[in-house]
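Me: I would like to go through this model feature by feature. Please give the general idea each time, then the case here.

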Amino acid sequence: MKRAAVIGLGDISSIHMMCIQNNPEITLAAVCDIEENKRDQAPEGVPFYTSYQDMISREKPDVVHICLPHYLHVPVSIAAAEMGVHVLCEKPVALNQLQGQVFADFEAAHPDIHMGICLQNRFNESVEALKTIIDSGKYGRVCAAKGVVPWSRSRDYYESKPWRGKWDTAGGGCMINQSVHTLDLLYYLGGPVNGVKASVSQLLDYGIEVEDTVMANLFYENGAHGLFMATNANYKNESVQISIQLDQAEFAIIENVLYRIHPDGGREQLAEDAKFFGSKFYYGASHGKLINKFYDSIEKDDQDYLHVKDGLMSIRLIDSIQESGRTGMFASLKEQ
């Protein structure tokens, strides 16, 4: 039986707590938030702390789940790991590529500590099925990819939590907050990306620092072409769409369903994602699969989970898209 603790009681923490409590092999030992008024969000009988250092020292969890604002992901993850506990950190892996590399280097220097990242959409049934098809080589190589994130965020979304609209606390806008999973999947399914040419803008007059709308061409290492579009200026949240064109077949994930798209436009359903009823639809239901896999890896002492290093490509893509948006030029995804 592993003991878990959650640091940060923001929106996503409820999903982590539910997944922990749904696993009979994990006990939710404690939760923590610096805001005392969040004490009532602690499940009944679960101790509440306002200091994660005190919580770790007293409760001695095996794993802490980092559900904090972006700018705290790396420093709190590292501090917790230095106290001897395993760490499962929410997305994004870091504010930028340089900070992400510091995190990855720390992970590599501490092989006895498991440090996982929540890129749970890789475990969606639609994505797993599509990845299997691509890797089989049955329909040839990936020659094109597309990701579209047509979402909506109100002014209150930023004003209620001001860190979301600032570079030094959020690391960006619609890409790092709403679209990081889509960028991760465009890399995971399409392969390495050499560079990008992008337009980055603000369509909403919210007075925030970060972008709310992006369009980008992705230039894949194998010569494939990619298109990425994301916005928080849509009139409502609509389903993320991902399309993959192989040499001999086309596939698309639409409304959380994987289809093979036939030449006449007809669709053949191949897989459908599980859903968390009663939760925000875009959270999906794969946190549980990712969390259970992480704990299984700790139990088995193996490396079969999503590491810090696995989250770096999405941050490299974001940084390069931002650079191209600033300069108007092609931006290479060079290592830093």
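Me: At what angle do helix α1 and helix α10 pack, and how far apart are their axes?

Reply: This is a predicted model, in which local features need pLDDT of at least 70 and side-chain atom pairs count only at pLDDT 80 or more, while totals for chains, interfaces and linings use all residues. Residues are numbered from 1 along each chain as its sequence is written, and side-chain values use heavy atoms, with hydrogens and water left out. Helices (H or I, at least four residues) and strands (E, at least two) are DSSP runs, numbered from the N terminus. Axes are lines fitted to C-alpha atoms, for helices over the stretch in contact, and angles run from 0 to 180 degrees between N-to-C directions. Here α1 (residues 13-22) and α10 (residues 287-300) pack at about 55°, with axes 9 Å apart. That makes α1 oblique to α10 (under 35 degrees is roughly parallel, over 145 roughly antiparallel, 65 to 115 roughly perpendicular, the rest oblique).

Me: Which residues make the contact?

Reply: Contact means heavy atoms within 4.5 Å. Ile15, His16 and Cys19 of α1 meet His287, Gly288 and Ile291 of α10.

Me: Is Ser77 buried or exposed?

Reply: Buried means under 20% relative accessible area, exposed over 50%, and partly exposed in between (1.4 Å probe, protein chains only). Ser77, in helix α3 (residues 73-82), is buried, with a relative accessible area of 0%. Leaving aside neighbours within four places in sequence, its contacts include Ile66, Phe103 and Met115.

Me: How many strands form the open sheet, and which are at the edges?

Reply: Two strands pair if DSSP finds at least two bridges between them. The sheet has 9 strands with mixed pairing, and its edge strands are β14 (267-272) and β15 (331-332), each pairing on one side only.
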